[in-house]
Amino acid sequence: LAERLLLTPESLKISINSKCQCLHLQWTVHNFPYHQELKMLFQIQITRIETSNVTWVRNYSTTVRWNQVLHWSWESELPLECATHFVRIRSRVDDAKFPELSFWSNWSSWEEVSVQNSLGQDTLLVFPKDKLVEEGSNVTICAISRNNQNNISCYLEGEQIHGGQLNPYVSTFHLKNVPFIRERGTNIFCKGNQDNIKGIVLFVSKILEEPKDFSCETQDAKTLSCTWDPGSDTGLAWSKQPSQSYTLFE
């Protein structure tokens with residue numbers, strides 16, 4: 001029983017990156033053997049709205065050193081502003097040198113992650129904000145009502161889209177295979193009661209093409225001059241996103 005308590009994940013901390021809709025986790029392993037390295041497997045559970053509704057289970061395998069802070073990131077397809085999330089983690093040794101330690105530890109405590117208290121007092125909100133995706137991607141948007149409205153309607157470029165209810169206050173809409181419409185983005189807006197209207201811009205880039213006609217030459221055996229056809233520019237006006245960049249591996 002003492003051994004089972006040694007390698008339980010502790011000090012779990014979670015931060016939110018709204019730009020990429022990611023949860024960043026960091027934790028340590030309690031009482032890790034001094035100056036020892038072990039291959040370990042971590043199992044991470046993520047739930048929405050309540051802890052009994054387990055939505056995702058992910059495994060993360062890595063080699064752990066003494067006193068190491070571990071990191072793992074998860075990207076949510078539903079905007080994080082739309083629902084409260086809960087996260088917990090457990091671990092086991094996955095090292096052939098120590099087969100006797102190959103059992104799961106206890107779960108860490110559930111950590112609650114919510115940004116809804118910082119969204120302001122608007123009666124209608126739509127997320128994600130200024131999301132950049134590649135043409136053909138699937139995107140989930142949500143509309144949050146402060147007035148328990150069940151008749152929120154949303155429109156993509158003027159055409160109504162249909163979705164469902166995550167809870168009485170949140171409507172979700174799943175867009176499949178989104179097309180490139182214009183460089184300045186695709187307009188989405190939602191309407192609630194009393195003509196309350198809120199919208200977002202979804203930036204859809206063209207598919208990044210494989211460089212073509214790539215060739216290199218040198219005149220002095222010191223300077224290498226390379227050229228290629230990059231294809232269509234994926235940079236989008238007003239998206240604050242740069243055009244594609246290239247790295248040459250020699």
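This note goes through the salt bridges of the predicted model.

1. Basis. The model is predicted, with local features requiring pLDDT of at least 70 and side-chain atom pairs counted only at pLDDT 80 or more, while totals for chains, interfaces and linings use all residues. Residues are numbered from 1 along each chain as its sequence is written, and side-chain values use heavy atoms, with hydrogens and water left out.

2. Count. A salt bridge here is a side-chain nitrogen of Lys or Arg within 4 Å of a carboxyl oxygen of Asp or Glu. Under this rule the model has four salt bridges.

3. Arg-48 and Glu-77. The closest N and O atoms of this salt bridge are 3.2 Å apart. Arg-48 sits in strand β3 (residues 37–48) and Glu-77 in the loop between β5 (70–75) and β6 (85–93), so the pair ties together parts that are 29 residues apart in sequence. Strands are DSSP runs (E, at least two residues), numbered from the N terminus. Arg-48 is buried, at 10% relative accessibility, whereas Glu-77 is partly exposed at 44%. Buried means under 20% relative accessible area, exposed over 50%, and partly exposed in between (1.4 Å probe, protein chains only).

4. Arg-92 and Asp-94. These two residues also form a salt bridge, with 3.8 Å between the closest N and O atoms. Asp-94 is partly exposed, its relative accessibility being 37%.

5. Glu-209 and Lys-212. A further salt bridge joins these side chains, at 3.2 Å from N to O. Glu-209 has a relative accessible area of 27% and is partly exposed; Lys-212, at 41% relative accessibility, is partly exposed.

Methods
Helix = DSSP H or I, 4+ residues; strand = E, 2+ residues; numbered from the N terminus.
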